[in-house]
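These are my notebook entries on a single chain.

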Amino acid sequence: ILSNGEYSVMLNSAGTGFSRCGELAVTRWHEDPTTDLAGFHLYLREKQTGQLWSATHLPVGKSPDSFEAIFTEHKAEFLREDGSWHSQLEIVVSSENNVELRQLTLSNRSLSTAEIEITSYLEPVLLRPEADLAHPAFGKLFFQTEKLEKHRALLGHRRPRGAEDTEPWVFHLLAGTEETSQWECETDRARFLGRNRTLANPDGLTQPLSSSVGNVLDPAFVIRHSVRIPAEGTCRLCFVTGVADSREEALRLIDRYQEANAFDRESDMAWTR
């Protein structure tokens, strides 16, 4: 468990788990010892060969050449080797804001340039976990999503049903890339999964993402970015997820965490906390 006292991330050795902010579930998680596919996922797909795996063991479940999960007081780290690919996923929680950062370092150890697609996936909730578990379909009806093209970010909030309801916002963005880089997104979970598919093999990994936003019936945050990595080269991307009390605060945090060194700053601060 990584936490700053308000925002918490729970992870197991397979890489699944959940995020919470106070009493609210940020990402959906229903305990299931059989499949254990809930949580935040990073999919990796080599375009030339179609080879597919995840940065952690689940959800794809492909056997790696080597795998290691390292848990310390301030950070979780997952190391994998799959053929000529080596990945390092580091996860920290900000010590100042209700934000989690997941930095992926991907190395191409082959003798030729390769292109790889990196896809993030989570299901935003912004409800008490017991309320989401009791009425999941009903709770999804009140969630709205939007896309911020310039920021490579997705925003979501739950429309209040009464005067006493609060209106928190959740955001998910891709940092560590140039502003002109191409990216794709999706906020419709059913479209991403496809017919008779699961999170282990979603149809959206081999299809263009639709960029659908608005009042989707089954919300999800999906961001994809393609990178070309030269022989013996390395790329580094950071996926940021957080909660804010208003849209204005969410936009402020998005601007803050688009900095290339945001992960290193937060990791150092978490270590000294």
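**Entry 1: a first pair.** Which side chain meets that of Lys-62 in a salt bridge? I find that the partner is Asp-82, at 3.7 Å from N to O. I count a salt bridge when a side-chain nitrogen of Lys or Arg is within 4 Å of a carboxyl oxygen of Asp or Glu. Lys-62 lies in the loop between strand S6 (52-54) and strand S7 (66-71), and Asp-82 lies in strand S8 (residues 76-82), so the pair ties together parts that are 20 residues apart in sequence. Lys-62 is partly exposed at 28% relative accessibility, whereas Asp-82 is buried at 1%. For these words I use the following cut-offs: buried is under 20% relative accessible area, exposed is over 50%, and partly exposed is in between (1.4 Å probe, protein chains only).

**Entry 2: basis of the entries.** I note that this is a predicted model, in which local features need pLDDT of at least 70 and side-chain atom pairs count only at pLDDT 80 or more, while totals for chains, interfaces and linings use all residues. Residues are numbered from 1 along each chain as its sequence is written, and side-chain values use heavy atoms, with hydrogens and water left out.

**Entry 3: the whole chain.** I looked up the secondary structure and recorded 5 helices and 18 strands. Both are DSSP runs numbered from the N terminus, helices being H or I of at least four residues and strands E of at least two. The radius of gyration is 18 Å, close to the 19 Å that the globule rule gives for 273 residues, so the chain is as compact as a globular protein of that length. That radius is taken over C-alpha atoms, and the rule is 2.2 Å times the number of residues to the power 0.38. Along the principal axes, the C-alpha atoms fill a box of roughly 60 × 45 × 40 Å. Of the 273 residues, 53% are buried. I also recorded that, among contacts between residues at least 6 apart in sequence, 65% join residues at least 24 apart; a contact means heavy atoms within 4.5 Å. The accessible surface is about 12300 Å², and carbon and sulfur atoms hold 48% of it. This area comes from the Shrake-Rupley method with a 1.4 Å probe.

**Entry 4: charges.** How many positive and negative side chains does the chain have? I recorded 29 positive and 41 negative, with the centres of the two sets 4 Å apart. Lys and Arg count as positive and Asp and Glu as negative, while His and the chain ends are not counted. Each charge is placed at NZ of Lys, CZ of Arg, CG of Asp or CD of Glu. Side chains of opposite charge can pair when their charged atoms come close. My search of the whole structure gave 23 salt bridges.

**Entry 5: further pairs.** Arg-102 and Glu-100 form a salt bridge, with their closest N and O atoms 2.8 Å apart. Arg-102 is buried at 3% relative accessibility, and Glu-100 is buried at 2%. Glu-259 and Arg-265 form another, at 2.9 Å between the closest N and O atoms. Glu-259 is partly exposed at 37%, and Arg-265 is partly exposed at 23%. I then noted one network, in which salt bridges that share partners join Arg-28, Glu-123, Asp-132, Lys-140, Arg-189 and Asp-218.

**Entry 6: Trp-53.** Is Trp-53 buried or exposed? With a relative accessible area of 1%, Trp-53 is buried; its place is in strand S6. Leaving aside neighbours within four places in sequence, I find Trp-53 in contact with residues including Lys-62, Asp-82, Trp-85 and Ile-116.

**Entry 7: backbone points.** Most residues other than glycine have a negative phi, and most peptide bonds are trans. Pro-59 is in the loop between S6 and S7. Asn-196, not a glycine, has a positive phi of about 60°. Asn-196 lies in the loop between H3 and S17 and is exposed, at 73% relative accessible area. Glu-232 also has a positive phi of about 60°. Glu-232 is in the loop between S17 and strand S18 (234-244) and is exposed at 55%.
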